[in-house]
Amino acid sequence: MSRIGRKPITIPAGVEIKQDGNKFIVKGPKGQLERELSSEIKVNIKDGEITFERPNDLPNIRALHGTTRANLNNMITGVSDGFAIKLELVGVGYRVQANGKGLTLALGYSHPVEIEAVDGITFKVEGNNKITVEGIDKQLVGQIAANIRAKRPPEPYKGKGVKYADEVIRRKEGKKG
């Protein structure tokens, strides 16, 4: 059995879950998410707890067991608490400015890099080199943060670039002369 798939999910106060076949709608204080989950896994909602059952032990069904539970748990966490990823700009002249709902980044290019706001995502700028990407959809928050990081990934010699706040850059030694 999947260790993750076996764990029941406790529904927190203020969160409402509706099931329509294999489509789930989760409403909470921060918003609403809907997602279609696999029809292969049976989802039981009873007494403020959600459990997951799989019909057999085929490899693809076993893989879906934990994935289905994790997706529904992320939806519940998102509408109750939300998700946030912090990014840092490291380097001389690397700056960020809030531009309406979007961002303007100075990353050492000859032009500023514009990041457009996406529905469900908010940006918070701390100082001129820290960004927080917040939202209720974990996948979307991670994707937007990865897109920002991809504009100038950190390089291994001086560590300059856009990095996650908890990321450790493996440094290389420069040329020996």
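Does Lys163 count as buried or exposed, and at what relative accessibility? In this predicted model, Lys163 counts as buried because its relative accessibility is 13%, which falls under the 20% limit for that class. The points below begin with this lysine and then turn to the salt bridges and the aromatic rings.

**Lys163 and its surroundings**

- Lys163 is located in strand β13, which comprises residues 161-164.
- Leaving aside residues up to four places away in sequence, Lys163 is in contact with Lys86, Leu87, Glu88, Val90, Pro154 and Ile169.
- A polar atom of the Lys163 side chain lies 3.3 Å from the backbone oxygen of Glu167.

**The salt bridge between Lys163 and Glu88**

- Side chains of opposite charge can pair when their charged atoms come close.
- Lys163 forms a salt bridge with Glu88, with 3.6 Å between the closest N and O atoms.
- This pair links distant parts of the chain, since Lys163 belongs to strand β13 and Glu88 to strand β7 (residues 83-90), 75 residues apart.
- Glu88 has a relative accessible area of 22% and is therefore partly exposed, whereas Lys163 counts as buried.

**Other salt bridges**

- The count of salt bridges comes to 6, and two further examples are described here.
- Glu134 and Lys124 form one of them, their closest N and O atoms being 3.6 Å apart.
- Because Glu134 lies in strand β12 (residues 130-135) and Lys124 in strand β11 (residues 121-126), this pair ties together parts that are 10 residues apart in sequence.
- Both partners count as partly exposed: Glu134 has a relative accessibility of 22%, and Lys124 has one of 46%.
- Glu167 and Arg149 also meet through their side chains in a salt bridge, at 2.7 Å from N to O.
- Here the linked parts of the chain are again distant: Glu167 is in the segment after β13, and Arg149 is in helix α3 (residues 138-150), 18 residues apart.
- Glu167 counts as partly exposed, because its relative accessibility is 21%.

**Aromatic rings**

- Arg152 lies over the face of Tyr109, at 4.2 Å from the ring centre.
- A search of the whole structure for aromatic pairs finds 0.

Note on methods: Residues are numbered from 1 along each chain as its sequence is written. This is a predicted model: local features need pLDDT of at least 70, side-chain atom pairs count only at pLDDT 80 or more; totals for chains, interfaces and linings use all residues. Side-chain values use heavy atoms; hydrogens and water are left out. Helices (H or I, at least four residues) and strands (E, at least two) are DSSP runs, numbered from the N terminus. A polar contact is a pair of N or O atoms within 3.5 Å; within protein, one must be able to donate a hydrogen and the other to accept it, and residues adjacent in sequence count only if both atoms are side-chain atoms. Contact means heavy atoms within 4.5 Å. Rings of Phe, Tyr and Trp (its six-membered ring) pair if their centres lie within 6.5 Å; planes under 30 degrees apart count as stacked, over 60 as edge-to-face and the rest as tilted. A charge sits over a ring if NZ of Lys or CZ of Arg is within 6 Å of the ring centre and within 35 degrees of the ring normal. A salt bridge is a side-chain nitrogen of Lys or Arg within 4 Å of a carboxyl oxygen of Asp or Glu. Buried means under 20% relative accessible area, exposed over 50%, partly exposed in between (1.4 Å probe, protein chains only).
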